[in-house]
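Dear colleague,

Please find the structure below, handed over for your use.

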Amino acid sequence: MTDSPASAPKRNFPVLTGQSILSQVAWTLGSPSIVLPFLAVSLELPMFIAGALVSIRMLGSMISDVFLAQPISARQQKKRGIALTEVGIGACLVLAVIVAATGVVPAIAMAFVAAFFMIGLIEEIQSLMYTDLLGDHVQSKSRMIMHYLQLGVGGLGAIGLALLVHEITKENPPFSRHTAVIAVSVAFFVLSGLSILALSEIARDTEAKDTPHPAGKRKFSENFTDIVAMFDEAWFRRYMVMRLPLVVVSLSVPFFALIAAEAHHASAKGLTAMIISSASGYLVSAPLWQLVNMKSHRAVMVIGNLMVAATGAVLVTVHFLGVDHAVHLHAIALFIVTVAVTGISGARQLYFLDVAPKDQRVKGAAAVKSICRITAVILSAVLAGVAHMHEVAWAIIFIVLVSLFAAVTCYRVVLPKSQKAAAS
């Protein structure tokens, strides 16, 4: 028996809200950008492998976007698929920890590469299904409320659990402390997967019958010709001038976490401080940037880029002076860049919706996503190589310089609403 479309969303809202909070806690405690690099560095993996894990994860996500978006969209029921992805991500973390316990560095490196690739692949599959599911079951205003509850309650929950695990395991060696955090993360991934099964999913069979069958299967080469064709549009070229430098800025979180792991992976409170700072960053960024975004997307992007540049400049300065061994310094740096990158991400998405013509919005979004993912894979691999051959600090110097350039391009490209209205 299925619920009517009118009654199902009311009952599904608390289910989806609870599930999203559990998932937020799981992702924060098992973060591939923060927690796993700490574990990788503590296990003495080569810095190139630790840095390249960012590229490997993005590569997995890109494959999902290119090859799996169509079949996922056609899938009628989503909740079981989402539940399986939550359990699947937890399983990737468990397998990585099991192999890490062997202490064999080549095996650990292979396990981490495989785990990050699968996490990227599964994460994007989940994102595609979840976007479709929310569109069917939750109204726009309720989605916004759910998003803030997810960041707020999930962030507070992650902070509390990180402190609790820290108190219980603070006398243990680094590997034991890190795996305890990951174990709690896995438990919450499983709980999140189980909780979404309580969703009353609206049947879409009747809709599917009325929907005309899609045209024949697209050729693989058409994906690339569509992207190239978008560069004929002036608005798209202008947007990409602003967007491409932001790819580098988005890499600040994993590379700031990497330099923190390099300095504090053996510290009893290093990982706890990083988890708390990133969770606090998500907690603060939602209400902060919402207020600024309502007035100016340009202000959010310019301020965010300058925050990343200033924080990175301070971090590398004290690093080269040899006085950067305070955990709190890295925690504050990670907090600031988490707030900055979260704000930039939201503002650029809203700005895209402002400038993209309605008939080109879907193709434009797909082209932007594809170009930025490929760029991120290449740049993160290059920065990983720099970190391996020299120091992570040099990768951060590059991020600082590009952040300054990005602040300038955002100021010049992103027009205030009054000027956009006059230009149109």
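**Findings**

Not counting residues up to four places away in sequence, Ser403 touches Val249, Asn305, Val308 and Ala309, where contact means heavy atoms within 4.5 Å. Ser403 is placed in helix α17 (residues 392-413); helices (H or I, at least four residues) and strands (E, at least two) are DSSP runs, numbered from the N terminus. With a relative accessibility of 0%, Ser403 counts as buried; buried means under 20% relative accessible area, exposed over 50%, and partly exposed in between (1.4 Å probe, protein chains only).

Please note that this is a predicted model, in which local features need pLDDT of at least 70 and side-chain atom pairs count only at pLDDT 80 or more, while totals for chains, interfaces and linings use all residues. Residues are numbered from 1 along each chain as its sequence is written, and side-chain values use heavy atoms, with hydrogens and water left out.

**Overall architecture**

The protein chain has 18 helices and zero strands. Of its 424 residues, 50% are buried. Among contacts with a separation of 6 or more, 90% are accounted for by residues 24 or more positions apart. The accessible surface of the chain comes to about 19,500 Å², of which carbon and sulfur atoms hold 69%; accessible areas come from the Shrake-Rupley method with a 1.4 Å probe, and for residues only the protein chains shown count as cover.

Ile344 lies in helix α15 and is buried, at 4% relative accessibility. Leaving aside neighbours within four places in sequence, Ile344 is in contact with Leu246, Val249, Val300, Met301, Gly304 and Asn305. The C-alpha atoms of Ile344 and Trp289 are separated by 8.9 Å, the two residues being 55 residues apart along the chain.

The structure holds seven aromatic pairs. Rings of Phe, Tyr and Trp (its six-membered ring) pair if their centres lie within 6.5 Å; planes under 30 degrees apart count as stacked, over 60 as edge-to-face and the rest as tilted. The ring centres of Tyr239 and Phe352 are 5.4 Å apart and the planes stand at 70°, so this pair is edge-to-face. Tyr239 belongs to helix α11 (residues 234-250) and Phe352 to helix α15 (residues 327-355), so the pair ties together parts that are 113 residues apart in sequence. Both Tyr239 and Phe352 are buried. Ring pairs link Phe231, Trp235, Phe236, Tyr239, Tyr351 and Phe352 into a cluster.

**Salt bridges**

With a salt bridge taken as a side-chain nitrogen of Lys or Arg within 4 Å of a carboxyl oxygen of Asp or Glu, the count comes to four. In one of them, Lys369 pairs with Glu124, the closest N and O atoms being 3.1 Å apart. This pair links distant parts of the chain, with Lys369 in helix α16 (residues 361-389) and Glu124 in helix α6 (residues 105-137), 245 residues apart. Lys369 is partly exposed, at 37% relative accessibility, whereas Glu124 is buried, at 5%. Glu124 also forms a salt bridge with Arg373, with the closest N and O atoms 3.2 Å apart.

**Cysteines**

With a disulfide defined as a pair of cysteine sulfur atoms within 2.5 Å, the count comes to zero. Cys92 is buried, at 11% relative accessibility, and Cys410 is buried as well, at 0%.

Yours sincerely
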